[in-house]
Amino acid sequence: MIVQNKDEFDIPLMLDEIPSAQEFRDAIESLSPEQQRFAKAYRSMQLESTLFAVCIVQIKPQLEKVLNLPYDSLTKEIQLTQRLLALFIEYHIPPDLVSFQCDSMEDPDEIPAAKKVEAVKTHVDAMYEMIKDSKQKEVDEQKLQQEMNKASAPVTGGFSFGGAPAGAPQILDAKGARFGRGGAQMMGMRRASPMAMGFCAMAKTSASVGVVMEAGGRPSAPAQPAPTGAPAADASLPDGMVDVSTFPVALEKQFDAFSDAACIRPTIIKPADSWTKRYQPKLLSDVKTTQVGSDLQTKEKSKAFDLLDALTRSGVLTIEESSMHIVLGATHCFDETLVDTLVVKNVNPIEHVERSMLIVASTLFGQQPRDLVKEAVVDRVEKYSPMLFLE
């Protein structure tokens with residue numbers, strides 16, 4: 001989604017709990033080996049869905065980078081920025097056609113930023129002039145086509161109900177057969193056929209062009225993550241980087257080892273089908289609210305990928321001004337209500353929740369639970385959760 005100006009999106013998240021590791025083992029215990037392998041593979045795919053990620057890319061810094069402009073040079077160029085976005089999203093203009101290019105004899109660092117921005121403006125004006133000429137050419141072609149259709153339209157009226165007059169020219173079909181009575185009607189029908197065939201040819205040509213544009217302008221889909229059951233290639237990762245796709249499996253192993261009951265269930269997180277968008281169409285208009293369904297989401301997603309393809313030059317440039325937010329879903333469940341858990345079962349729910357939080361934190365940050373707890377409460381937490389402090 002492209003969020004700009006005063007746009008706001010409300011995206012509801014749907015939470016779907018799946019059985020814990022202990023509940024899963026109990027459920028597949030009586031199955032055949034083949035069925036157990038299938039169930040484990042399916043569960044590994046479910047665990048992948050417990051990761052929910054949101055990537056935010058800042059458009060303006062990346063736009064300056066792809067146009068070879070200095071940092072912060074488009075801050076006050078609001079109209080230029082909007083025209084550039086329209087060229088990339090609506091008309092699929094390559095960024096190389098509007099970017100700043102210096103001569104081989106000049107040093108790019110010595111050229112003023114205002115001169116570079118002015119060069120980009122000149123290129124943008126030239127692109128819009130070309131688009132204007134192309135639109136006018138299409139309008140002229142449509143007018144010409146309509147005039148040709150009018151000129152070739154069949155002439156109606158003047159029908160005779162008797163035989164053809166003596167000496168009147170005979171009408172021949174493609175095979176040379178003669179038509180006498182009702183010849184005018186047959187002539188009108190046969191003159192309309194080329195028009196229908198012409199419209200069919202035009203429709204087929206337009207559909208073919210649309211397919212070519214979609215295939216050429218759409219960026220390739222991102223590769224699907226490898227199943228979590230496969231060994232993680234940690235050795236290939238650069239220093240300081242982690243593979244977040246391994247977190248669900250690691251977290252489930254920690255829950256299974258240190259939790260005394262099957263109360264932690266992995267939770268699948270997925271966005272709802274309908275979103276809410278609040279936007280201001282014009283500068284002086286009121287804020288409007290609309291529902292974003294699946295069809296509009298597909299269109300907005302296509303626009304976002306078109307813009308991303310242009311800002312990265314089809315993946316050549318890296319994105320620096322971006323952030324990735326990852327949410328890992330897990331639900332601590334109780335069989336009874338809060339009062340029944342405390343009174344009937346004589347269980348303190350706070351201690352169980354603290355244990356679950358420590359398991360999650362120690363797994364994500366790779367530290368011992370003792371290092372994550374304040375010194376004032378270490379003795380209390382160790383007394384009621386001794387399994388977390390074993391050396």
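Predicted model: local features only at pLDDT ≥ 70, side-chain atom pairs only at ≥ 80, totals over all residues.
1. The buried positions in H4 are Leu 80, Thr 81, Leu 84, Leu 85, Ala 86, Leu 87, Phe 88 and Ile 89. Their cover includes helix H3 (59-66), helix H5 (113-151) and helix H8 (294-311).

2. Thr 267 belongs to strand E6, which runs over residues 264-271. Is Thr 267 buried or exposed? Its relative accessible area is 2%, which is under the 20% cut-off, and Thr 267 therefore counts as buried.

3. The surroundings of Thr 267 involve several parts of the sequence. Apart from neighbours within four places in sequence, Thr 267 is in contact with Leu 15, Asp 16, Glu 17, Thr 50, Gly 329, Ala 330 and Thr 331. The Thr 267 side chain also reaches the backbone oxygen of Arg 265, at 3.3 Å.

4. For the chain as a whole, the secondary structure consists of eleven helices and ten strands. Of contacts between residues at least 6 apart in sequence, 68% join residues at least 24 apart.

5. On burial and surface: the chain has 391 residues, and 25% of them are buried. The accessible surface is about 27,000 Å², with 58% of it belonging to carbon and sulfur atoms.

Methods: Residues numbered from 1 in each chain as written. Heavy atoms only, no water. Helix = DSSP H or I, 4+ residues; strand = E, 2+ residues; numbered from the N terminus. Buried < 20%, exposed > 50% of the residue type's maximum accessible area, 1.4 Å probe, protein only. Contact = heavy atoms within 4.5 Å. Areas by Shrake-Rupley, 256 points an atom, 1.4 Å probe, with all protein chains shown as cover. Polar contact = N/O pair within 3.5 Å; in protein donor to acceptor, adjacent residues only side chain to side chain.
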